[in-house]
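Subject: Structure handover

Hello,

The sequence and structure are below, for your files.

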Amino acid sequence: MPVTVRIPGVLRADAGGAAHLDLDLPPDVPLSSALDALAAAHPRLARRLRDERGTLRRYVNLYVNGEECRALAGLDTPLPADAEVQVLPSVAGG
Amino acid sequence: MTTQKTPPGTVLLAVGTAKGLFLATSTDRRTWEFTGPHVPMNAVYAVAVDTRADRPRVIVGAASSHWGPGVAVSDDLGASWHEPDTPPIAFPADTGASLEQVWQLAPGPADEPDVIYAGVQPSALFRSTDGGRSFELVRGLWEHPHRPQWTPGFGGMAIHTVLPHPDDRARMLVAMSTGGVYRTTDGGVSWQASNTGIRAKFLPDEYPEFGQCVHKVASHPARPEQFFAQNHHGVYRSDDGGSTWSSIADGLPSDFGFAMVTHPRRPGVIYNFPIKADEYRVPPDAACRVYRSEDAGGSWTALTDGLPQERFYPTVLRDAMCVDDADVPGVYVGTRSGEVYGSPDEGDHWEQIAAHLPDVLCVRAAVVG
């Protein structure tokens with residue numbers, strides 16, 4: 001099934017310059033599978049999002065069709081077909 | 001490559017800040033050309049200028065509050081950076097840990113030019129044998145039975161000092177806050193706490209085997225048995241390889257501080273930046289004063305010429321003071337208010353060489369031309 005991952009400007013250099021990446025995933029997979037697919041193709045991008053334990057970094061927000069994944073089932077959130085995953089840095093820093 | 005165009009005698013000064021790395025070069029150590037910020041919006045707590053091989057290599061430990069930590073390498077004085085696809089430093093899966101920050105990048109012995117050590121948060125030591133492109137966890141220290149009792153201080157739980165023995169590859173000293181000093185004599189397989197004489201003012205037992213908050217340890221290669229430590233209250237020297245420590249704080253206006261640096265050519269000459277504590281955490285008398293001892297801590301002299309002596313409040317962090325390795329070494333101090341001061345003559349005279357940078361977290365300098 002197709003899934004689109006939207007990349008913020010600050011991370012596009014790690015995504016080959018792409019503003020979005022189109023993934024082809026098996027049906028009914030969780031959000032973590034999309035990140036696994038990203039890691040295979042763009043490892044530097046993927047490690048900006050998760051640490052080596054696979055934990056989503058604290059100030060990284062992943063929106064699945066507009067809902068932040070922590071308000072859903074986190075990285076276990078199931079992805080519907082044609083899902084859009086948006087990567088956004090949270091409000092942090094000074 | 002930039003290296004080939006670098007004029008003879010060029011000194012490279014690397015300034016790690018809360019928002020990136022700045023690099024400066026100078027042939028007279030009075031006028032400096034700055035570039036940066038490199039790795040922008042990353043906190044740079046660790047940088048090394050490695051001149052052991054046929055090119056100066058800058059290795060930087062950077063951490064983004066959003067995107068996590070990383071290590072990048074430049075072989076052309078910052079013109080380009082290389083960061084591998086796979087993370088250079090990562091905890092193995094069985095540890096259940098993840099890298100939070102790199103606190104120290106320490107080149108290994110001169111005859112092992114591809115060996116680099118990294119002290120990290122959470123407290124662990126990593127070793128690279130390919131010039132900093134990949135690192136492996138030193139298991140002996142990670143699996144130390146004391147580790148569950150090491151506790152984080154305000155700055156985190158990190159190994160911030162890594163001192164390989166200059167001649168004996170089996171020996172090394174590391175220090176952490178909190179936890180204290182640990183040594184190995186078998187190449188990192190086993191580690192012994194080495195804090196006898198170092199006071200832990202913040203614990204009910206003020207002289208425990210371990211648990212001290214050692215802020216920085218320094219040594220000189222010509223005297224591998226002698227170490228100098230700035231502790232969380234207490235300034236110490238060891239003359240027996242770290243087995244025992246005795247106070248050298250007499251003559252300093254405060255026994256608190258973060259930095260401790262050895263002169264690169266004259267063993268027993270050391271630099272310290274005292275800070276009043278704990279009520280204030282500012283320099284004593286609100287004056288910027290570097291203290292130098294020329295007799296291994298027996299006596300101290302305040303170095304003030306060219307440094308601000310009134311209304312100076314920023315602190316100097318543990319890695320924000322350094323020396324270069326010129327024939328007459330330069331000394332450098334970076335402040336949390338974004339200033340860098342440099343002395344081209346071992347600390348006798350100082351000039352401000354940068355201002356209005358982000359908080360300075362670390363400085364390193366070396367002759368690269």
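Chain A contains 2 helices and 5 strands (helices are DSSP runs of H or I with at least four residues, strands are runs of E with at least two, and both are numbered from the N terminus). Read from the N terminus, the order of elements in chain A is β-β-α-α-β-β-β. Its radius of gyration is 12 Å, close to the 12 Å from the globule rule for 94 residues, so chain A is as compact as a globular protein of that length. That radius is taken over C-alpha atoms, and the rule is 2.2 Å times the number of residues to the power 0.38. The C-alpha atoms of chain A occupy a box of roughly 40 × 30 × 25 Å along the principal axes.

Before going further, some housekeeping. This is a predicted model, in which local features need pLDDT of at least 70, side-chain atom pairs count only at pLDDT 80 or more, and totals for chains, interfaces and linings use all residues. Residues are numbered from 1 along each chain as its sequence is written, while chains are lettered from A and ligands numbered from 1 in the order in which they are written. The model has an ipTM of 0.93 and a pTM of 0.96. For chain B the average pLDDT is 96, and 99% of the residues reach at least 70; pLDDT is the predictor's confidence in each residue, from 0 to 100.

Of the 94 residues in chain A, 28% are buried. Buried means that 20 or more other C-beta atoms lie within 10 Å of the residue's own; exposed means 12 or fewer, partly exposed is in between, and C-beta atoms are placed from the backbone. Among contacts in chain A with a separation of 6 or more, 54% are between residues 24 or more positions apart (a contact has the C-beta atoms, placed from the backbone, within 7 Å).

Chain B has 2 helices and 27 strands. The radius of gyration of chain B is 19 Å, close to the 21 Å that the globule rule gives for 369 residues, so this chain too is as compact as a globular protein of its length. Its C-alpha atoms fill a box of roughly 50 × 50 × 40 Å along the principal axes, and 53% of the 369 residues count as buried.

The cores come next. Nonpolar side chains tend to be buried together in soluble globular proteins. Here the largest nonpolar core has 111 residues, and those with the most contacts inside it are Val15(B), Val47(B), Val217(B), Met321(B) and Val363(B). A nonpolar core is a set of buried Ala, Val, Leu, Ile, Met, Phe, Trp, Tyr and Cys residues joined through C-beta atoms within 7 Å. Strand β4 (residues 43–50) of chain B supplies the largest share of this core, 7 residues. A second, separate core of 20 residues includes Val3(A), Ala15(A), Leu31(A) and Leu45(A).

In β4(B), 8 of the 8 residues are buried, so the strand is largely enclosed by the rest of the structure. β4(B) pairs with strand β5 (residues 57–64) of chain B in the antiparallel sense over 7 bridges; pairing requires at least two DSSP bridges between the strands. A hairpin of 6 residues joins β4(B) to β5(B), and Val47(B) stands opposite Val60(B) in β5(B).

Elsewhere in chain B, β15-β16-β17-β18 form an open sheet of 4 strands in that order, with antiparallel pairing. β15 (214–220) and β18 (246–247) of chain B are at the edges with a single partner strand each, so one side of each has no neighbour in the sheet.

Strand β21 (residues 290–293) of chain B makes 3 antiparallel bridges with strand β20 (residues 270–274) of chain B and 3 antiparallel bridges with strand β22 (residues 301–303) of chain B. Val290(B) and Arg292(B) point one way from β21(B), Tyr291(B) and Ser293(B) the other way, and all are buried. Tyr291(B) stands opposite Asn272(B), and Arg292(B) has Thr301(B) in β22(B) as its bridge partner.

Finally, the contact between the chains involves 14 residues from chain A and 13 residues from chain B. The side of chain B that touches chain A has 5 nonpolar, 6 polar and 2 charged residues (Ala, Val, Leu, Ile, Met, Phe, Trp, Tyr, Cys and Pro count as nonpolar, Asp, Glu, Lys and Arg as charged, and the others, Gly among them, as polar).

Regards

Conventions:
Two residues are in contact if their C-beta atoms, placed from the backbone, lie within 7 Å.
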